[in-house]
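Reader: I would like to go through this model by question and answer. Please show it before we start.

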Amino acid sequence: MRPQPDFIHEFVPGSSSRTLLLLHGTGGNERDLITLGRELDPNAALLSPRGKVLENGMPRFFRRLAEGVFDLDDLKFRTNELADFVTAAAQHYGFAIDNLVAVGYSNGANIAASMLLLRPEIVNAALLFRAMVPLIPEKLPDLSSVHVWIGEGDQDPIIATSEGQRLVDLLREAGADVTIRFFHAGHGLTNADLETAGHWLEALNNPTRGEL
Ligand code: MLT
C-alpha cells in the first residue's frame with residue numbers, strides 16, 4: 001500500500017515534471033499559496049501542506065519561543081517530519097522527487113531553509129520570501145547542485161537586512177548558488193517579489209536564456 005501523506009494538504013496536479021512545495025506563513029493554511037504557486041509556474045504540480053504547530057490557534061511549521069527565537073529541537077523534528085511527508089506524498093501522487101522546488105513565505109521560508117540544511121536530498125531549488133537563518137547545522141550539507149532565490153523587504157520589521165545576508169552567506173558556504181533581492185517593502189509580499197521570483201524560476205528551466 002502507498003504511504004499516506006500525514007499533513008492536511010492540497011495537491012494540484014501539473015503538466016510538467018516539476019512540483020512546487022508551497023509553505024505558508026504563520027497563521028496561514030494549505031490554500032494560501034496555491035494562487036501564488038500557479039502564478040510562479042503555470043505547469044508545475046503544487047503540494048501545499050498546513051503547518052502542524054498551533055500558536056494561539058495559528059498554524060505554523062515549528063514552535064518558536066519568541067519572534068525570531070526558535071525552539072531548535074522542535075524545528076529539527078518538524079523539518080524531518082515535513083521531509084518525510086514530501087517523500088510519502090511523492091509516492092502517493094506519483095510525482096518526481098528529484099524536481100522539487102520549495103516556495104516558502106516567512107515561517108514557511110524558514111522551514112524550507114531548515115530542510116535545505118538538514119535534509120538536502122529533498123529540495124533541488126528554493127524560493128524563500130522573507131527568510132532568516134533557521135539554525136546552524138553541526139555539519140554543512142553539500143548544496144553545490146542547489147539554486148536558491150531569496151526575497152527580503154528593506155523595511156521588514158521582523159527580519160533585518162543583515163539576517164537575509166547571513167542566510168546567503170551560510171547557503172553559499174554550503175556551495176549553493178544563491179540570488180538575493182531586497183525589495184522596497186516590509187514583511188508582506190509585493191508584486192515586484194512575485195515578478196522577480198517568477199523570472200528567476202523561468203530561467204531555471206532555461207539557464208542559457210536568463211540570469212539565475
Ligand atoms: C518565524 O517564526 O518563522 C519568523 O519569525 C517569521 C514569522 O513567522 O513571523
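Author: A polar contact is a pair of N or O atoms within 3.5 Å. The model is predicted. With that cut-off, an oxygen atom of the ligand and an N or O atom in the side chain of Asn-110 qualify, at 2.9 Å.

Reader: How far from an oxygen atom of the ligand is a polar side-chain atom of Arg-64?

Author: Arg-64 belongs to the residues that surround the ligand, which also include Thr-26, Phe-62 and Ser-106. Asn-107 reaches an oxygen atom of the ligand too, with a side-chain N or O atom at 3.0 Å. For the polar side-chain atom of Arg-64, the distance is 3.1 Å.

Reader: How much of the accessible area of the ligand does the protein cover?

Author: The shell around the ligand holds two nonpolar, five polar and two charged residues. On its own, the ligand has 260 Å² of accessible area. The protein covers 96%.

Reader: Which strands stand at the edges of the open sheet, and why is one side of each left without a neighbour?

Author: Seven strands form the open sheet, in the order β1-β3-β2-β8-β9-β10-β11. Their pairing is mixed.

Reader: Which residue in β11 stands opposite Val-148?

Author: Strand β10 covers residues 147-153 and runs parallel to β11. Seven bridges join the two strands. Opposite Val-148 stands Val-178.

Reader: What angle does the direction of helix α5 make with that of β9?

Author: Helix α3 (residues 107-118) packs on the sheet, at about 140 degrees to the direction of β8. Helix α5 (residues 191-205) packs on the sheet as well, touching β2, β8, β9, β10 and β11. Its direction makes an angle with that of β9 of about 175 degrees.

Note on methods. Residues numbered from 1 in each chain as written. Predicted model: local features only at pLDDT ≥ 70, side-chain atom pairs only at ≥ 80, totals over all residues. Heavy atoms only, no water. Pairing = 2+ DSSP bridges. Helix = DSSP H or I, 4+ residues; strand = E, 2+ residues; numbered from the N terminus. Contact = heavy atoms within 4.5 Å. Axes fitted to C-alpha atoms, helices over the stretch in contact; angles between N-to-C directions. Near = heavy atom within 4 Å. Polar contact = N/O pair within 3.5 Å; in protein donor to acceptor, adjacent residues only side chain to side chain. Areas by Shrake-Rupley, 256 points an atom, 1.4 Å probe, with all protein chains shown as cover. Nonpolar A, V, L, I, M, F, W, Y, C, P; charged D, E, K, R; others polar.
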